[in-house]
Amino acid sequence: MANRITLEVTRYHPAHDEKPRLEAYEVPLRKEWVVLDALNYIKDHLDGSLSFRWSCRMGVCGSCGMTVNGVPKLTCATFLSDYAPGPVRVEPMKNFPVLRDLIVDTSDFLLKLAKSKPWIIRKVEKPLDEEYFQTPTQLDAYKQFSMCINCMLCYAACQVYGLDPLFSGPAAIALAQRYNLDSRDQGAGERLDILSHHEGIWGCTFVGECTKVCPNNVDPAGAIQQYKLTATMEWVKSFVLPRGAK
Amino acid sequence: MLDISSHDVVLVGGGGAGLRAAIAISEAAPNLSVAVVSKVYPMRSHTVAAEGGAAGVRLADDSLDDHAYDTISGGDWLCDQDAVEVFVKEAPVELMRLEHWGCPWSREPDGRIAVRSFGGMKNTRTWFAADKTGFHMLHTLFQTSLKYDAVTRYDEYYVTRLLVDDGRVQGVVALELTTGKVQAITAKAVILCTGGCGRVFRFTTNAAIKTGDGMALAYRAGAPLKDMEFVQYHPTGLPFTGILITEAARAEGGYLLNKDGYRYLQDYNLGTAEPKPVLRSMELGPRDRLSQAFVREQEKGRTVAGPYGPVVNLDLRHLGAKTISAKLPFVRELCLKYEHIDPITQVIPVRPVVHYMMGGVHTDLNGATPVKGLYAAGEVACVSINGANRLGSNSLPELLVFGARAGRAAAAYAAEQKPPARHLLAQALDEEARLQEQFLQKSGGREPIADLRDEMQKIMEQCAGIYRSGESLAGAAGKLHELQDRFRDIRLDDRGHLFNTELISALELSCMLEVAETMAQCAMERTESRGAHQRTDYPARNDEKFLAHSMTYRTTEGRPRVGYAPVTITRWPPAERVYGR
Ligand SMILES: Cc1cc2nc3c(=O)[nH]c(=O)nc-3n(C[C@H](O)[C@H](O)[C@H](O)COP(=O)(O)OP(=O)(O)OC[C@H]3O[C@@H](n4cnc5c(N)ncnc54)[C@H](O)[C@@H]3O)c2cc1C
Ligand code: FES
């Protein structure tokens, strides 16, 4: 293995760059290094002004999503040596406005997440000394969707979101579905009204790019399909059944 | 450039403690406006990384007194026992509240919440969500917090100082990262929930954001830091990355083996090597004793040489694929991803790694610090329930119990205060000017941030690690002071406003240097060995002199001055710590 590798990194500062450009940096190639380690090497030793987000370096905080050789990746879980001999191209995530260098503006997701009411909704609460029983099978019904780390790779991969920013998007729908399927929750109806009124959900063609790039096998594409199905059923019911008989 | 906004209570930090506090305020006083200011989006906070679980008495054969005793003996009698009693009583209630909010706790076949064993606990009482407990707790809290309209979030704002007037904390100054704008956020009360400071050391399980900011903010505002010499090394970190392999791996039955495949802990007064896990024994002993045993084993030449220093092996193979996949899926994923090792068929190389800060901002049982209007909760605070050594799975419930308490107390206090003083604005303008002068518009500067940080981490590791001596600590204190001087000559490549992560790194480094100095000073002055603080020159515990909390104040010259305060003993007089017998 050669002991150095070249990274081509997007640099962009709106104050002095008209548009993003690529800058090449040569860094040591070490077998235990992930792409994020190489970025930190650049920041510490070559150019302190390179900006990117990161925190946990163990694939769980969801901060470090970028585009690596064209594919949305968590850079702390992507090994540099997999791209040897290089060069490795590191760009910001697609489908989001770029604030600077590798940092994109994901605030849109936060608004969409809040809109989908990702919390337990119940008509009557039990007192705090009682628990809601939930068998392992009931837990398994939503567990997968609860594994979402909000890393946004699925939005970066989603063609529908790229074209139609009003689309709630894969993660927000997966998280809504996480609560819908939770045996302790009674809010599915409320959430359905919010999420299915926009046509984005119907635009999803089940290409499944979101599911492919998900680092935690959350399967947002599956959540969207489930959602469509429920929404269609509700729609049919609204014709077949008399008003209020939902 | 300066922006101003105003709230009743400002929370600095959106991790487990901060979010629990925010919800507590909204529930106790829905009319109060609450701000959650966080340098990362709340769900990125390091609570997300917690794996093993959260302790709270649950089974019929367990008792609050047992949990209290385990905690107090685990903390080598430095815990305040009134705080521990409150903690063990409220922990199960708080954990159940999270159940009601949707936390996906792991379950028994009949649907009841399951519990697992943990180190240093004599009964099984640790609630868990597989081995991503912190992740699920944090996302549950964050998602639940979204339903409270009175909570305003300041995501990606970095707090640089507290606004203090008339002896009262009345807000914060923060940098909005996306624009670089300085913002004054005034409030009637401020709660620090900024987490720990593991990044002061090089080899740590802690995320990049754990830089002791809140400790430094409080210390600079005149609040004392308590028990800063007590740093927890977790016995099982992956070499190079420092990624944690949770204690749950040992609770499920994992063995720690030296280079001869021998369960060496039996040589260190931790019990005999039984095939099945025994509570408060061997691999389920407390973290301080296990990390110390590693160093002893290394001295005997019985550790395994690895590319990143000596290691021992954590063996899970006998647990079988089914248990590993069901109970420890994240451990397996981390090993596969970062070490290319499958724990079902291979042993895992591990070594002790800096993990948790027992010390922190001194508070009472309601999170109040001695400075009026300033509260603290979570890892940044020292109530103290952790004493000289925290037990695994006590921190997550601590965030909930004391986050909620601090929230309620701050809400009650805020309700009685007048609006913040007008002239706070002048302080905020001063702070804006300081950031310009010292960093953004400074000419020259020769010291790269990375160099100073590396040197600090090296000093701490060499002098303030698992074993310390008076001589090495004195050297460390001197060198840290030198680094403080060199920090004034810091070099920045980035002078822009927009998302200047280099400026943030510089500000974090200044906090870490301040915090590191207090650690070295307290460790030097505590001439005894207790829990995680082991002095080679004073190997015994000395209750006569040191059954006391160290309290560090910042002098006007910016140096640490250490005093002592008594430990509260209610029902458990100091005794020997006994494990494995
Ligand atoms: C890998 C790992 C595993 C663990 N496992 C367990 C376990 O199984 N059980 C257990 O009980 N404990 C465990 N712990 C310990 C426990 O997770 C932590 O002590 C706890 O999560 C800390 O929570 P917190 O809310 O105090 O701080 P954090 O979650 O660290 O949050 C700190 C917050 O403060 C904000 N902040 C900090 N500085 C500033 C600033 N200057 N301006 C603005 N915002 C700021 C950050 O943005 C963040 O939102 C583990 C710790 C680690 C590292
Ligand atoms: S840094 Fe946390 S997911 Fe990569």
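The largest cavity has a volume of about 740 Å³. Of the 49 residues lining this cavity, His46(B), Thr47(B), Gly195(B), Lys210(B) and Glu379(B) are closest to its centre. The structure holds nine cavities of 30 Å³ or more. This is a predicted model, in which local features need pLDDT of at least 70, side-chain atom pairs count only at pLDDT 80 or more, and totals for chains, interfaces and linings use all residues. Side-chain values use heavy atoms, with hydrogens and water left out; residues are numbered from 1 along each chain as its sequence is written, and chains are lettered from A in the order in which they are written.

**Cavities**

- A cavity is a set of points, on a 1 Å grid over the protein atoms alone, where a 1.4 Å probe fits but cannot get out; lining residues have an atom within 4 Å of a point. A volume is the space filled by probe spheres set on the points, which are joined across faces, edges and corners.
- The lining of the largest cavity divides into 18 nonpolar, 23 polar and eight charged residues. Here Ala, Val, Leu, Ile, Met, Phe, Trp, Tyr, Cys and Pro count as nonpolar, Asp, Glu, Lys and Arg as charged, and the others, Gly among them, as polar.
- The second largest cavity has a volume of about 120 Å³. Its lining has 15 residues, with Arg53(A), Ser63(A), Gly65(A), Met93(A) and Thr106(A) closest to the centre.
- Strand E3 (65-68) and strand E7 (103-104) of chain A each give two or more residues to the lining of the second largest cavity. Helices (H or I, at least four residues) and strands (E, at least two) are DSSP runs, numbered from the N terminus.
- By class, the second largest cavity is lined by nine nonpolar, four polar and two charged residues.

**Second largest pocket**

- A pocket is an open set of points with protein on both sides within 12 Å along at least five of seven lines. The second largest pocket holds about 580 Å³ of space.
- Its lining counts 22 residues; nearest the centre are Lys143(A), Ala130(B), Ser325(B), Ala326(B) and Pro329(B).
- Helix H3 (136-143) of chain A and helices H8 (320-327) and H9 (329-339) of chain B each supply at least two lining residues. H3(A) gives the most, with four residues.
- The lining of this pocket has 10 nonpolar, five polar and seven charged residues.

**Aromatic pairs**

- Over all chains, the count comes to 15 aromatic pairs. Rings of Phe, Tyr and Trp (its six-membered ring) pair if their centres lie within 6.5 Å; planes under 30 degrees apart count as stacked, over 60 as edge-to-face and the rest as tilted.
- The ring centres of Phe96(A) and Tyr155(A) are 6.4 Å apart and the planes stand at 35 degrees, so this pair is tilted. Phe96(A) lies in the loop between strand E5 (88-91) and strand E6 (98-100) of chain A, and Tyr155(A) in helix H4 (residues 153-157) of chain A, so the pair ties together parts 59 residues apart in sequence.
- Phe96(A) is buried, at 7% relative accessible area. Tyr155(A) is buried too, at 0%. Buried means under 20% relative accessible area, exposed over 50%, and partly exposed in between (1.4 Å probe, protein chains only).
- The rings of Tyr375(B) and Tyr413(B) have centres 6.1 Å apart and planes at 65 degrees, so this pair is edge-to-face. Tyr375(B) sits in strand E19 (residues 374-376) and Tyr413(B) in helix H10 (residues 395-415) of chain B, 38 residues apart.
- Tyr375(B) is buried at 7% relative accessibility, and Tyr413(B) at 15%.
- One aromatic cluster is formed by Phe96(A), Phe109(A), Tyr155(A) and Tyr161(A).

**Charges over rings**

- The charged end of Arg58(B) sits over the ring of Trp127(B), 5.3 Å from its centre. The rule asks for NZ of Lys or CZ of Arg within 6 Å of the ring centre and within 35 degrees of the ring normal.
- Lys132(B) lies over the face of Phe330(B), 4.5 Å from the ring centre.

**Helix H7 of chain B**

- Helix H7 (residues 287-299) of chain B has 13 residues. In H7(B), 10 of the 13 residues are buried, so the helix is largely enclosed by the rest of the structure.
- The buried residues of H7(B) include Leu290(B), Phe294(B) and Glu297(B).
- H7(B) is followed by Gly301(B), whose phi is positive, near 75 degrees.

**Chain A overall**

- The secondary structure of chain A comes to 10 helices and seven strands.
- Of the 246 residues in chain A, 56% are buried.

Definitions and conventions
Expected span 1.5 Å × (residues − 1).
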